[in-house]
Amino acid sequence: MAARVITITSGKGGVGKTTTTANLSVALGVLGQRVVAIDADIGLRNLDVLMGLENRIVYDIVDVAEGYCRLRQALIKDKHVSELYLLPAAQTRDKTAVSPEDMTRLCDQMRDDFDFILIDSPAGIERGFRNAIAPADEVLIVTTPEVAAVRDADRIIGLVEAEEKGPASLIINRVKPEMVRYGNMLNTADVVEILAIDLKGIVPEDKAIIVSTNRGVPIVLDHKAPAGLAFRNIARRLLGEEVPFLNIREMPNLIERLARFVRQG
Amino acid sequence: MKILAQLFGQRRPSSRDIAKERLQLVLAYDRIKISPELLQTLKNELITVISKHVEIDREGVEVTFSQGKRHGRLIADIPLLGTRGRRK
């Protein structure tokens, strides 16, 4: 069966695209899928460090696109999961080193050998983004519940629709339940209402992410972390399983509301 | 008493409410891909075409853009004065 090509993108930088790509790749791998994670952020590669594979890079995507090596030589085998590979970005080149046609050709070469190809898109709406969505069968938009991130997500949704790569679906990252509870942050329903696309996952803010990034071990491998569970759930949804959304308590109860009034008074 | 007043009184809008309102407004503009000039051109040409077939109140014609959930909508409001005898 041919691989599904899923591009993870956002518009705004720093909302968690690379973290999402690394974690969904590992989670799908753990679920027995054959996965390739492609870093399309040429010049600013980071998927390698989040996966803990930065010391193993010999060839990169530009080497493959330019014919300096075979595709198989550039694929780096993951440390933790047996059927997961990384195709790293080049660090010393720019986005024009690869074309959207190159991306489509590379993905087509891998389709028969894998179940999933996940592409980590760079921020922005320029060439790097065009490269990342060119081969996509599906698009996952990552946003945080913040005005700037949601606005950029809306712009990206429009571009994805214009390229007929949609319908895109949404991952809301870094939800802070206690802030949502007190009306200091947009809640997931607000974001879904504004963007009007399908919700694929809600990931709570989790300090353990920083630790996992420090170590280069994706958080899905940490069975105690709430964010890890959220990403594992998204992976299962990608496989068609009906998984209820995490019970992130977003609504304050009466006691909490009263306590808040008293504090403010 | 202050606590009671706050309990029963008007609640200040939360920063979440403000964020939502600001986003909805800014996105309404972001999503419009039709400039006011284009809208005027469309209006003029609609008046020309339609008045070939029916008599309309040219001054009363309104062409507006409105934003739905994900798709925009052009709305033309064209008051008729009555059909002219001519047919094509």
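Helix α7 of chain A covers residues 147–162, and its 16 residues reach 23 Å from first C-alpha to last, close to the 22 Å expected at 1.5 Å a residue. The model is predicted. Elements from chain A and one helix of chain B are included in what covers the buried residues of α7(A).

- The buried residues of α7(A) comprise A:Ala149, A:Val150, A:Arg151, A:Asp152, A:Ala153, A:Asp154, A:Ile156, A:Ile157 and A:Val160.
- From chain A, the cover over these buried residues includes strands β1 (4–9) and β6 (138–143), along with helices α6 (127–133) and α9 (188–195).
- Chain B contributes α2 (15–31) to the cover of α7(A).
- After α7(A) comes A:Glu164, with a positive phi near 55 degrees.

**Packing of α7(A) against α9(A)**
- The axes of α7(A) and α9(A) come within 10 Å, crossing at roughly 35 degrees.
- This crossing of α7(A) and α9(A) is right-handed.
- On the α7(A) side the contact is made by A:Val150, A:Ala153, A:Asp154 and A:Ile157, and on the α9(A) side by A:Val191, A:Ile194 and A:Leu195.
- By class, six residues of the contact between α7(A) and α9(A) are nonpolar, none is polar and one is charged.
- An α-helix has 3.6 residues a turn, so residues three or four places apart point the same way.
- In α7(A), A:Val150, A:Ala153, A:Asp154 and A:Ile157 of this contact are also listed among the buried residues of the helix.

**Strand β1(A) and its partners**
- Strand β1(A), part of the cover of α7(A), is itself mostly covered, with five of its six residues buried.
- β1(A) runs parallel to strand β5 (residues 116–120) of chain A, and five bridges join the two.
- A:Thr7 has A:Val139 as its bridge partner in β6(A).

**Helix α1(A)**
- Helix α1 of chain A takes in residues 17–30, and its 14 residues reach 20 Å from first C-alpha to last, close to the 20 Å expected at 1.5 Å a residue.
- α1(A) is mostly covered, as 13 of its 14 residues are buried.

Note on methods:
Residues are numbered from 1 along each chain as its sequence is written. Chains are lettered from A and ligands numbered from 1 in the order in which they are written. This is a predicted model: local features need pLDDT of at least 70, side-chain atom pairs count only at pLDDT 80 or more; totals for chains, interfaces and linings use all residues. Helices (H or I, at least four residues) and strands (E, at least two) are DSSP runs, numbered from the N terminus. The expected span of a helix is 1.5 Å times one less than its number of residues. A residue is buried if 20 or more other C-beta atoms lie within 10 Å of its own, exposed if 12 or fewer, and partly exposed in between; C-beta atoms are placed from the backbone. Two residues are in contact if their C-beta atoms, placed from the backbone, lie within 7 Å. Two strands pair if DSSP finds at least two bridges between them. Axes are lines fitted to C-alpha atoms, for helices over the stretch in contact, and angles run from 0 to 180 degrees between N-to-C directions. A crossing is left-handed if the near helix is turned anticlockwise from the far one by less than a right angle, and right-handed if clockwise. Ala, Val, Leu, Ile, Met, Phe, Trp, Tyr, Cys and Pro count as nonpolar, Asp, Glu, Lys and Arg as charged, and the others, Gly among them, as polar.
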